[in-house]
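Reader: I'd like to learn how to read charged pairs in a model like this. Could you walk me through some?

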Amino acid sequence: MVSCMSRGIRSIVALLCLVATHSSAGEYRRIASINLAADQLLLQLADRDRIVALSFLAADPELSPLSEEAAGIPGIRGSAEEILTLRPDLLLAGPHGHRHAVEFARRMGVAVIRVPVANSFEEAREILLQMGEVLDAERRARELVIDMDERLRALRLKAQAWDPAPEALAFGHGGYAQGTGTMMHAILEAAGLHNRARDLEIVHEKRMSLEELLLSPPRFLIATRYHPDNPTRGDQFVNHRALRHIEDRMHRLEIPLATVNASGNLSVEAAEALHEQAARHMP
Amino acid sequence: MSRRTENCLVFGGLGLLTALIALLSICVGTVFLSPARALELLFAGEDELLGVAVRELRLPRTASALLVGGTLGLAGAVLQGYTRNPLADSGLLGVNGGAALGAVLMLYTGTFAHVSLALPLGGLAGALAATLLIVALTGKAGIASLILAGVAVSSLAAALTSLVLNFSPNPYAGMEIVHWLLGSVADRSWDHVGLVLPFMTAGVFILFLTGPGLRALSLGEDTASSLGFSLRRLRWFVILGTALAVGPATALAGAIGFVGLVVPHLLRPLLRHDPARLLAASALGGAALLTGADLLIQLLPADREFKLGVMTALVGAPFFFYLIFKIRKEYP
Amino acid sequence: MSSDADTSLLTIDHLTVARGGRTVLHDLDAGVRPGELYGVIGANGSGKSTLVQAVAGLLPREAGDIRYRGRSIRAAHRRALAREIAYLPQNPVCHWPLTVERLVTLGRIPHVGPWARPGEDDIQAVREAMAAVDVEHLASRQVNRLSGGEQRRVLLARALAGEPRLLLADEPTSGLDPYHQLQLLEFLVRRIVHGVSVILVLHNLTLASRFCDRLLLLRDGGALAEGDSAEVLAPDNLARAYGVEARRFSSDGQTAVVPWKRL
C-alpha cells in the first residue's frame, strides 16, 4: 500500500515538473481554473487579482470549502469559447475531462496544468508544494503545508487515547463504501478512526451489502451528503429502514461534502470535525 | 388430458417453482441459511440481527423481484395479446423508458424527498404518456410499425432522461442514474415496496380484467366486437393497467427489459395459446424468472454488483434475435 | 320496398353509413325474413361489407335505423345481441394457433359470459357446430395447420357455435375451390332448415341464383333491386349494377347466371 502511494506521488511530481519547466518565462498574471480542486489551490496560493476565473462550482457552499473567498470571481464551465474570451496565460484543469477545451487552450499557447486529485494528505502536500512552485508562491505553499501537518499531528496526539481505534465505515455518493486510496480513508485515519473497509480489502470504493453492515456494524457510520434538498439514490442505502435496529450500536456522523471532495489540504478540517463528533461518543 | 388437469399441472408447477425460488432467495446473502432456519428467522425476535436481515433486507428484496417480475410478465402477455404481436413488450414499446423518465424527473428535481409518493407517481405518469403515445402512433398497425413506434418512444424517453440529468444540480446524478437504469432490487426496504404496492395491485387487477377480451381478440377486432366486447373499454384497460403496473415497477427497480417478451413466449404453448389463461401464467413465470435472475446475481462471485437489467438483457436479447429470425421465416 | 315489420326478422330503414368521411350506404331500405338465405350482391365498393358490418353493430350510423325483431339494435344490449346475431367477417383470421375445439368454443362467449367456464350446454353446442360443418375430426388440431377450406369451415363453426338466429357471412366462399364453395353453401342451407337466417355476401351470381331465397342488389350504396333471386338477377339489373351482360343457363330446374361480356 505504501509503495503504491509513493509511486502515485512520484507521478504527480513528474507531471507538475514537466509543465512547470515548460513555461517558466515569468509569473502567471491571468490564471483560470475549470476544476473544483484546482479552484481551492488557486484561492489559497494566488492573489485575487491574478485569478480571472474559477469553475462555476467554486462559489457553491455545499461543494466548495472556499466558496466565500470565491465570491465575486467569474465562474465558468470550461468551454473553449470562455477560454478564448478570457485569454488566460495559465489554465488549471482536472485530471480528466474538458478534453477539447484543454486542447484548444494549448493551441492558443495557454499553459495548461492538469491538477491531480489528492487521495491522501501526502499527495495533498506534494500537490500544494508543486503548485506553489508553478504559481510563484512557494512560501505560501510551505506555510500551508506546515499548517496542515501541525493540525494532523495534533489530531494524532488526541487520537492516541483511543486504543484500539474505533471502527468506522464511510459511504460516499451512490452508497459506495470508501476504501484505501481515497481521501475519505485518509480523513478517517487522521481522525483517529479505523476504516473497516481496510479489513474488507476495499480499494478505492465498492458497493457493500447492507446485510454485511447490519450483521457486523462498525462503531461509526459516516455519510457524506450533497444538498439536503437534493438527495440521491445513494442516500437510500445508508437510510435503509433495517439499519434502525442497530442505531444504538452504530453512531452516525455526518461531514459536509465540501470538506471531502476536491479539497486536498483543506480536508484536514473534515478530519478535525470527524474527530470532534466521534469524541462525543467515546468514553 | 382434460383442461382441469392441464391447468393444475401448469399453474401448480409455475406456482411451486416461484415459491421455491423465492424461498431460496431468502436463504442467500452474506450468511447462507438453510430454508428451515430462514423460515424460523422470519419470526425471530427484534434483537436477533440475522432475523432483521431476513425480514427487512432479504424479504423486501425478494418481494420486489416477485412483484416487478410478475408485473412485467403480465404486462408483456397483455400487450402481446392486445396487439396480437409476439414481439410486443413493455420494454420494446418504450413504456419502461417512459416510466424511467418520469421517475428520474422526480428523483433529480428532488420532488421525491418531500413527497415520497412522487416516485411511483412519476413512473406512472411516464408510463402512461408512453403507452398513449404508442397507441396513438400505431392504431391497428402491424408488427413493423409497432416496433418502430417503440424505438421512437424509447429514444425520445432516453433523450429526455439525459436532458433532465443535464439540468440536474447534482453532479453525481449522471453516474447514479446510469446504474439505477440498469435495474436492481438490492437494498429495497418495505417502505419502497409499500409505496408502489397499491398502484401495482390496481394495475395488475385491471390487466387481469382484459383476459376475456384478449381471448376474443384472437379472432380479430371485428369478430371480438361482434361477440359483445367493447374494444374502446378494452383499449383503455390495457393502457391504464400497463401504466399502473409498469410505471411503479420501474420506479421500484429501474428499467428491466425482456421479461415481458420472453416469459409469455415460453409459456404460450403450454397453455395452448390461450391469451387469457396466459396472463396468470405469465405473471407467475415473470416473478419466477426475475427472482431467479436476482438469486443468480447474489450467487455470482462478482466484485461489483451485477445488475438485474443486465442479466435479463443478456438472456433476452439473444432470445429477441431468435424471435426475429423465426418471424422472418414465417412472414418472408 | 321494405318488408312488413311483423314478418321481418331484420329491417333496414333509410340507413345511411359513412366510412372515413365517405358515404358508403345511402338511404338504404331492405328486410330479411325469418328462415331465409338472403344474398347481398353488387359490384366492388357498392357497400355490401359495410351493410353487413353495420348490421353486426360495428359501424356508427349517420341516419336511419336497423331493427332486429322490431327493436333498434342501437337500443339492444351488446351481449344480448351477440347471442342472436353472429358475424363471420370477410377473410376471418385466428391470430394464435388455437386448437379447433378451443377456437369454436370462442363462439360461445356471448352465452357463457367472460368469466365462467363453458358448461354442458356449451360443450354440446360446440360439438353440434363442428358436426354441422364436418370438422369434428379436426377438434384437437391447431387451426394454422389446416388447409384453407378446413379453416373456413372451422371459422364458420365458430360463428354457428353461438346458436345465432341470424348469421352474417361476408363472402365466405372467397378463395375456396369449387368443391369447397358448394360444400360451404350446402352447410349454410342446412342451417336454414334449423331455423337460422343467413345474410350472405356473394360475388358468384350462379351461387346466388341457386342457393339464395332472396337477393339484395346494391349499387353505389343504395338498393337497386330486392326480392326473389330470379327477379333481381334480371339482365337489366345486372347490366346497371355490374356493367356486364350476363347469360343464363338452366339445368336440373336451376339457373346458372354467368357474366359473359363487359358492356
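Predicted model: local features only at pLDDT ≥ 70, side-chain atom pairs only at ≥ 80, totals over all residues.

Reader: Let's start with one side chain: is B:R61 buried or exposed?

Author: Buried means under 20% relative accessible area, exposed over 50%, and partly exposed in between (1.4 Å probe, protein chains only). B:R61 comes out at 14%, so it counts as buried. Residues are numbered from 1 along each chain as written, chains are lettered from A and ligands numbered from 1 in written order, and side-chain values use heavy atoms, without hydrogens or water.

Reader: Which residue does B:R61 meet in a salt bridge?

Author: A salt bridge is a side-chain nitrogen of Lys or Arg within 4 Å of a carboxyl oxygen of Asp or Glu. B:R61 meets B:D294, 2.8 Å from N to O. The two sit 233 residues apart, in helices α3 and α14 of chain B (helices are DSSP runs of H or I, at least four residues; strands are runs of E, at least two; both numbered from the N terminus). B:D294 is buried too, at 4%.

Reader: What about A:R196 and A:E167?

Author: They also form a salt bridge, with the closest N and O atoms 2.8 Å apart. A:R196 is in helix α9 and A:E167 in strand β6 of chain A, so the pair ties together parts 29 residues apart in sequence. A:R196 is buried at 10%, whereas A:E167 is partly exposed at 27%.

Reader: How many salt bridges are there over all chains?

Author: The count is 29. B:E6, B:R215, B:R272, B:D274, B:R277 and C:R102 are even linked in a network of them.
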